[in-house]
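Visitor: Could you walk me through this model? I'd like the terms spelled out as we go.

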Amino acid sequence: MKVLGAGSTVIMAECTNLQFVSPFAFEAMQKVDVVRLASLSDPELRLLLPCLVRMALCAPADQSQSWAQDKKLILRLLSGVEAVNSIVALLSVDFHALEQDASKEQQLRHKLGGGSGESILVSQLQHGLTLEFEHSDSPRRLRLVLSELLAIMNKVSESSGEFFFKSSELFESPVYLEEAADVLCILQAVCRGLIKNGERQDEESLGGRRRTDALRFLCKMNPSQALKVRGMVVEECHLPGLGVALTLDHTKNEASEDGVSDLVCFVSGLLLGTNAKVRTWFGTFIRNGQQRKRETSSSVLWQMRRQLLLELMGILPTVRSTRIVEEADVEMEPNVSVYSGLKEEHVVKASALLRLYCALMGIAGLKPTEEEAEQLLQLMTSRPPATPAGVRFVSLSFCMLLAFSTLVSTPEQEQLMVVWLSWMIKEEAYFESTSGVSASFGEMLLLVAMYFHSNQLSAIIDLVCSTLGMKIVIKPSSLSRMKTIFTQEIFTEQVVTAHAVRVPVTSNLSANITGFLPIHCIYQLLRSRSFTKHKVSIKDWIYRQLCETSTPLHPQLLPLIDVYINSILTPASKSNPEATNQPVTEQEILSIFQGVIGGDNIRLNQRFSITAQLLVLYYILSYEEALLANTKTLATMQRKPKSYSSSLMDQIPIKFLIRQAQGLQQELGGLHSALLRLLATNYPHLCIVDDWICEEEITGTDALLRRMLLTNNAKNHSPKQLQEAFSAVPVSHTQVMQILEHLTLLSASELIPYAEVLTSNMNQLLNSGVPRRILQTVNKLWMVLNTVMPRRLWVMTVNALQPSIKFVRQQKYTQNDLMIDPLIVLRCDQRVHRCPPLMDITLHMLNGYLLASKAYLSAHLKETAEQDRPSQNNTIGLVGQTDGPEVTREELKNALLAAQDSAAVQILLEICLPTEEEKARGVNPDSLLRNVQSVITTSASNKGMEEGEDNLLCNLREVQCLICCLLHQMYIADPNIAKLVHFQGYPCELLPLTVAGIPSMHICLDFIPELIAQPELEKQIFAIQLLSHLCIQYALPKSLSVARLAVNVMGTLLTVLTQAKRYAFFMPTLPSLVSFCRAFPPLYEDIMSLLIQIGQVCASDVATQTRDIDPIITRLQQIKEKPSGWSGICKDPLYKNGSGDTGSMDPDVQLCHCIESTIIEIINMSVSGI
C-alpha cells in the first residue's frame, strides 16, 4: 500500500477493488432521507456508518417531531450493525486532550525533523504498527492513525509540494482498512488543496493520476459539484485531465444527442477563449499526451479523442467510402447519388466539431489518426441544406481543407475533394438565393482562386484564420497542391474573370453585411489586372454595385474605386498599352444625380441613395486628380482616357453632396474626409472658410427655431408667385418683402427652386427706392443657396448683374468663361458698387473665381505639359536645360495669376474712390482715418466727431469696409499680392483708407525699404506717404527704423535731385514728416535739420533772383531756435497756407513756404502734447 503526498490528504493507492459511495447514497445522506437510507444495502450502508453514528449520538439542532421520528429510524438501522460499537467507542474519546497532544507533536516534529522517531501521541511501540493497532483500544487507535498522518504531513511540507512515495504498514493491511477508514472519517472529514497543490499536467505523473482519480470519484459521488470542481481546475490551470474526465462523465449523462455536447463546448472554450494562459496550459496537455509511446484506454486524452470521434461519426450522413462513382455510372443513373446530405439538425453541431478539430490541430498540435482524418474528410465533404448554418458549415469545411491539407493524402481523397469543390461552385447561386445570406461561400471560392493566381498565399492564410476565428500557423508550402488544383483544374484565371462578372452585385451593400462578398473578389481581380488581361469589361458591374449601396459605408468600396481608376489609367503591361478598363460614361453619372440636378425637391425625386451619389462623386474627383497626376504617362498612349466635360461637372451638386456627407460622417467612415481632400485640391473655391462658417450658422440652433416658425403660407409660395412679386416692385414692395421673409424659413435644399427667379431679378433691386430690408433679405437667401449650389448660383448671378445697355444683347457667360477671366465679375452694373448687399455677393463671387482660376490654370498646365516635348527634342540637348519649357510655362502661369489678382485689387481700390457726384456732396475717402484720429485726439470738437459719423453712414463707406475685408484676406493668403499692388501704386487719397481698414497692411513694412530704393520718383513718393500712415497706425520699433531710413533717404535725395525733381519730390512728401514726428518724437531733431537743409538749398538756388528769400530763411532759423514763440502761429489759416508770399510762382519759393508751414505744424503738435 502506497500513501500519496503533496497535500494534506491521505488517499489509498490501490482503489480498483474498493467500494465507493454511490451518488444515490450520497444524496440520501446529504438530504438525510431516512427512507432512501433504509433502502441501501449493507455494504453501501457500511460506508456511511461514521456519519450516521455521529448523527445519532450528537444533540440535534432540529427539535421537531419529524426529526425525532427520523432519528428513531436511524437508530433502528444502526442497531443491527456490529461495527457501530467500535465507532461509538472512537467517538467517545477526549478529543480536547487529543488535539493538544497532536499540536505538541506537530511542533516537536517541526523542530527535530520528519525522520525523528519520538512521539507524544503514542509511546514507544513494542510491536509493529498493525499489531499495536489490533491490540489497542479506541483512544490509542486514534492516536496511532493521527501519528502516522502527522508524519506524512511533515514529509509533505519538507518536499515542497513534490510527489513522493512512503510505505505505510497500517494502510497497506486490507484487514484493518475499514477501521482505519473510520478513524480517517472522524479525524479529517474534508480534503482541501487537492486541486490547488496538484500538478499542472496530471497525466505525466503517478501522483497526478492518483489525485485525478480521487477527485473524479468524489465528483461521481456528488455529480452536482462536478462542474464547480471543473471550473476550479480551469481557474488554477492544474489537473487538465481531471477537467476533461469530469466533462466526459457529464457528457455521458446528457440526454440530448442533436445539440453541441458539453465536451465540444468545454474544449473549444479552452482553446478558443481569450485567456492565453489557459490556452497554453491545455495545449501542453494535448502535446504531452501525444508524446507518450502508447495511449491506453485509461488515458483521459484517449477517452476524449474517442468520444469526439464517436460524436463526429454519429452525425455523418452515411458511412461511405472515398471511392468515386465512375462517370459512366452517374450518366446511367442520374437520379442516384452516393452523397446523402447532412441533416439540418446536425449542421450546427458539425460546424462546432470542425472548429474544435481545427483548434486541436492548429493550436494544440493534435496529430489526427488515420481514422480521425478519414471521418473528418467525410464530414467536411458532406453536403448540408441551403440554410445560413449550411453556408457557414461549407465555409468552415473549405477553410479547414486549406489549413490542413494533410487530411487529403490519397488520390481517391483528392478526387473526392475536387468533386466537392465542383459541387460548391455549381450550388453557390442556389445556396445564396435560398438561404438569404448575401455573403456566400461562392465569393470565398472566387477570392481564394484569385489569391492563388496572384500567388498571395499570405492573404489566403489570413482569410482562413479570419473565417475559422482563430490564429493558427499555416505554412505557405502546404498550399502548393491546393494551388495547383485551383489554378489548373477548377478555376483558371479566365474562368475566374468570366465568373466574377456574372456574380450578382450585393443588394444594399453596407458595413452591416459581413463576410466575403463579390466586392472582395472584384477588388482582387482588379488589383491583379485580370479583367484587362482577358479583355473582360468590369465597368458595368462596378457601376451597378455603386448604385446598390447604403449606409453605413462598406470599407471595401473606396479601395475598389481607387483600384478601378488605376486600371483605367494604367495599362496592364508595357507590351499591351491599350489593355485598360473603360471609365463610367457621363450619361450613367448623370442618371445617378437625377432629381438633384434639376433643382426639384430632392426627397421626392431621389432615385439613388445619398451613398451612391457620394461614391460616384468620389470616383469623378479621384479620376480627374489621377488623370492630371499621370499626364506624362498617358501621353504615350494612342487611346488616351478623356477627362469628364466641364458641363458634366457643372451639373453635379458638389457642395450639396458634401453638406449631406458632413451630417453622415459616422456612417460614411473616411469618405467625407477623402471628399474634402479632393475638393480642396481641385475645387478650392468650394472650400472658402467664410462659407463653412456660414453653413454652421445655417445648420445650427437658429435653423431649428426657424423650422418651428415655418407656416403653411411660407410653404405655399411658388417661384411663379415670387416672379410676380418682383415684377410689382416699382409699384409696391410689400408682397415681395412678405414672400422673401417666408423664404428665409426654408432650408437650403428647399430654396433651390427659387434660385433662378431670385438671381434674375437682382437687376431690378438696383433701382432707387428699393428698401434696404429687401436687399438684405436677398443677400441672406443668396448666402443660404450658396451652401448647396454655389457654382450654378454664381453663373446666374453674374449674368443677372450685367450692365443693361440698350440695343446691345447681353452675353451669357458660362462657368468656364468665369474661371478663365474672373474679372468678368467686376464688369457688372456700376450701381452694384454702391449697393452694399449686392456688392457683398459680388466680392464673394470674385474671391471664389480667383481661387477657381488658380486651380483651372494649374490643371490646364498639367494637361498640356506634353505639348512642349517636340520642341525639346528638336532643340540642342544641353545639360540642365531639359526642363526649360516646363519652368517657363510655370513662370508664365504665376505671372498671369499675379497680374489677375493685382488687377482685381486695383479695380476694387478704384471703386473705393468717390465719384464726382459723391465729391460734390462732400464725401472724403480718408474720412475713416480722420475719424479714428478724431477719437484719439482729445482736442477734437464734438462737431468734428459728428461730421465724421455722418460720413460713415453712407453706402460708399460700407462698400469700402467690404472691400477692405476682402483685400485683407487676399493679403494674408498671399503677401506677394500686397507687395505687387504697392509697387504698382494707387491713388494716395486711398492710403488713409487702406492703412486703417486693412489689418494686414503692416506687412508693407517689410518691403518699403525696397520700394524707396526704386529709381522712379513716383514710387519713392508713394513709399514715403504709405510709411507715414503706417507709422501712425503701427507705432512699432520696426516702423521707427524704417522711418529713420526714409528721413536719411530724403536727405540724400536733396543733394542729387534737380530743381524740378526736388520740387516734385518734396512737395508731396513734406507732410509725411509731420506724421513721422507725431508717431516718433525722437525723430524731431533729424526732421527739423532736414527741413532747414531743404530751405537752405532752395534759398541758394534763388539767390541770384531779384526776389529776396532771406526773410523766410531768417524765420526758419528763428523757429528752430525758439519754437515756443511760434507755437500758435499755425492757427492763422492765412499764414498756414503761405498766403503772404503765394504770389510767387517760383518752385523754390513755394517749397520754402511749404517747409515753413510744415515746421510750424510740427512745433504746434509738439507743444500741444500730441
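Guide: Buried here means under 20% relative accessible area, exposed over 50%, and partly exposed in between, with a 1.4 Å probe and protein chains only. Buried residues make up 50% of the 1170 residues in the protein chain. This is a predicted model, so local features need pLDDT of at least 70 and side-chain atom pairs count only at pLDDT 80 or more, while totals for chains, interfaces and linings use all residues. Residues are numbered from 1 along each chain as its sequence is written, and side-chain values use heavy atoms, leaving out hydrogens and water.

Visitor: How many helices and strands are there?

Guide: The protein chain has 65 helices and two strands. Both are DSSP runs numbered from the N terminus: helices are H or I with at least four residues, strands E with at least two.

Visitor: Which residues of helix 27 are buried?

Guide: They are Pro518, Ile519, His520, Cys521, Ile522, Tyr523, Gln524, Leu525 and Leu526. That is nine of the ten residues in 518–527, so helix 27 is largely enclosed by the rest of the structure.

Visitor: And what covers the buried residues of helix 27?

Guide: The cover includes helix 23 (441–453), helix 26 (493–502), helix 28 (530–533), helix 29 (539–547) and helix 30 (557–569). Contact means heavy atoms within 4.5 Å. Helix 27 is followed by arginine 529, which has a positive phi, near 60 degrees.

Visitor: At what angle do helix 43 and helix 46 pack?

Guide: Helix 43 (residues 734–743) and helix 46 (residues 772–785) pack at about 30 degrees, with axes 10 Å apart. Axes are lines fitted to C-alpha atoms over the stretch in contact, and angles run from 0 to 180 degrees between N-to-C directions. The two helices are therefore roughly parallel; that label covers angles under 35 degrees, with over 145 roughly antiparallel, 65 to 115 roughly perpendicular and the rest oblique.

Visitor: Which residues of helix 43 and helix 46 make the contact?

Guide: Val736, Met737, Leu740, Glu741 and Leu743 of helix 43, with Arg773, Ile774, Thr777, Val778 and Leu781 of helix 46.
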